[in-house]
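Hi everyone, thanks for coming. Let me put the structure up, and then we'll walk through some side-chain contacts together.

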Amino acid sequence: MTQYISRRGFLAGAGALALGAGLAACSGGNGGATSSASSASTDAGKVTGLTWSTWGATDELKRMTEFTDDFNKNHPLIKATLQPVPSYGDYNTKLLSQLTSGTAPDVFYIGDDVIGKYVDADVLLPLGDLLRGSSSQSKPDDFGDGLWSVARDGDTILAVPNDCNPDVFWYDKTALAAAGITDDPAELAAAGKWTVATLLDMCAKLADKGMAGAIFWNYWATHWSWVVANGGTVYDDSGAFVLPDDAKSVAALDSLAKAFQSKQFLVADDLPAGGDLDSLFAAHKAGFAVQGRYTISVAQQSGSPDQYDIAPWPSTSGEIPASGVAASYLAINKNTPHPEQAFEFLTNYVSAAGQKFRLAGGGNAVPSIKGADDIVLDGYPAHAQTFLDLRDKGFEDFVPEVKVPGLSGDITTAMADLYSGAADTAATVAAVQKLIDDANADGS
């Protein structure tokens with residue numbers, strides 16, 4: 001159960017998350033610094049002060065508290081304590097301070113927008129051998145390949161995806177019918193006929209009837225998934241930003257900009273209260289809402305949940321493309337005095353059983369591990385398998401962006417100018433190239 005910081009503008013600023021040389025200097029070997037758990041005593045072999053921390057809304061933190069209590073009940077020699085922080089921005093500020101001072105929790109969440117910087121700062125315990133070991137309930141091969149990219153340093157695993165949310169095309173059959181659209185997107189996808197051209201045609205018809213065509217959040221998964229769906233390439237295997245030299249990629253951004261500028265696509269971040277994405281979708285005033293599994297609650301509260309279903313991202317060929325998957329990660333403090341107990345907590349938390357415990361009945365996330373898929377396949381929406389297909393085929397944000405705090409957000413700002421018409425495609429591509437070049441220069 002995760003509050004995804006990649007959507008709804010919860011991207012943290014570079015200043016709050018700049019893990020500088022001072023932090024790296026504090027991150028020696030295990031036991032080289034004192035974590036908040038180190039002051040806890042052990043009584044007859046019992047570790048009484050294992051601490052872990054995350055951010056989240058009240059209902060999410062309630063479920064995490066329940067998991068902690070259940071873990072403690074089933075592990076009498078370990079007492080874990082949750083240190084919750086409601087705000088993501090406050091969470092990262094606090095964690096940064098704790099890591100710098102040597103008082104950080106033993107186990108902690110990291111957002112996908114900043115994890116690369118924590119990896120570079122050398123403050124995370126390597127997990128590969130532990131995950132592959134006999135005590136592990138969460139083997140690396142049990143997770144979707146695309147979720148590991150930002151959690152590795154070369155071949156070294158430094159964090160584990162706790163759950164995830166692939167963006168899907170939620171669609172409203174009532175709105176589509178009102179626009180004279182008779183084709184069903186999920187059925188088109190199953191037949192290999194769900195194309196970008198078909199989506200754009202549907203959105204044009206919806207807009208002609210005074211409805212929103214498709215509503216997207218402005219973040220990395222929107223613009224880069226659109227590029228990939230149109231056959232383009234953003235970064236090559238070496239991490240070089242190759243989009244400017246790829247005609248398909250540039251054309252994809254141009255088509256995305258035109259759809260926003262014509263109001264066939266809307267930016268969810270810019271919608272007013274009362275006319276926001278959830279309100280429009282529940283009121284049958286939007287054809288498509290591009291977001292994760294958490295939309296189940298909106299559909300169910302609309303009064304006509306049977307009118308909603310999901311489809312994957314379209315493509316130019318009709319074949320389902322890879323697309324963005326938001327995730328958050330669980331890591332262990334490199335300097336924890338209790339690495340064995342910290343790993344026991346982590347492997348239980350991210351295991352199939354742990355994810356079932358946290359996600360059952362919540363309807364807001366997709367398990368990141370195999371063996372818990374039945375949570376998603378509970379009968380709603382009708383094509384719920386799409387969540388799992390996109391998870392297994394999808395990708396996390398690109399490592400060159402994640403490693404630089406604020407870079408992904410700066411690119412999102414440049415995209416906002418493109419969508420509004422304040423900048424054209426060529427100027428936007430040049431602006432993004434400069435942001436990336438400047439980030440590389442600063443990090444060199």
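Quick one to start: does Lys 62 count as buried or exposed? Lys 62 counts as exposed, at 52% relative accessibility. Keep in mind that what you see is a predicted model.

So who does Lys 62 talk to? It forms a salt bridge with Glu 66, and the closest N and O atoms are 2.7 Å apart. Both sit in helix α2, residues 58-74, and because they are 4 residues apart there, about one helical turn separates them. Glu 66 is partly exposed, with a relative accessible area of 30%.

The structure holds 12 salt bridges, and here's another one of them. Lys 334 pairs with Asp 122, with the closest N and O atoms 2.9 Å apart. Lys 334 is in the loop between β13 and α13, and Asp 122 is in the loop between α4 and α5, so this pair ties together parts that are 212 residues apart in sequence. Lys 334 counts as buried, at 15% relative accessibility, while Asp 122 is partly exposed at 37%.

Okay, on to the rings. There are 33 aromatic pairs. Take Phe 216 and Trp 313: their ring centres are 6.0 Å apart and the planes are at 50°, so we call the pair tilted. Phe 216 is in strand β9 and Trp 313 in the loop between β12 and β13, so parts 97 residues apart in sequence get tied together. Both residues are buried.

Last stop: ring pairs also build a cluster that includes Trp 52, Tyr 88 and Tyr 349. Arg 358 lies over the face of Tyr 349, 3.9 Å from the ring centre.

Methods:
Residues are numbered from 1 along each chain as its sequence is written. This is a predicted model: local features need pLDDT of at least 70, side-chain atom pairs count only at pLDDT 80 or more; totals for chains, interfaces and linings use all residues. Side-chain values use heavy atoms; hydrogens and water are left out. Rings of Phe, Tyr and Trp (its six-membered ring) pair if their centres lie within 6.5 Å; planes under 30 degrees apart count as stacked, over 60 as edge-to-face and the rest as tilted. Helices (H or I, at least four residues) and strands (E, at least two) are DSSP runs, numbered from the N terminus. Buried means under 20% relative accessible area, exposed over 50%, partly exposed in between (1.4 Å probe, protein chains only). A charge sits over a ring if NZ of Lys or CZ of Arg is within 6 Å of the ring centre and within 35 degrees of the ring normal. A salt bridge is a side-chain nitrogen of Lys or Arg within 4 Å of a carboxyl oxygen of Asp or Glu.
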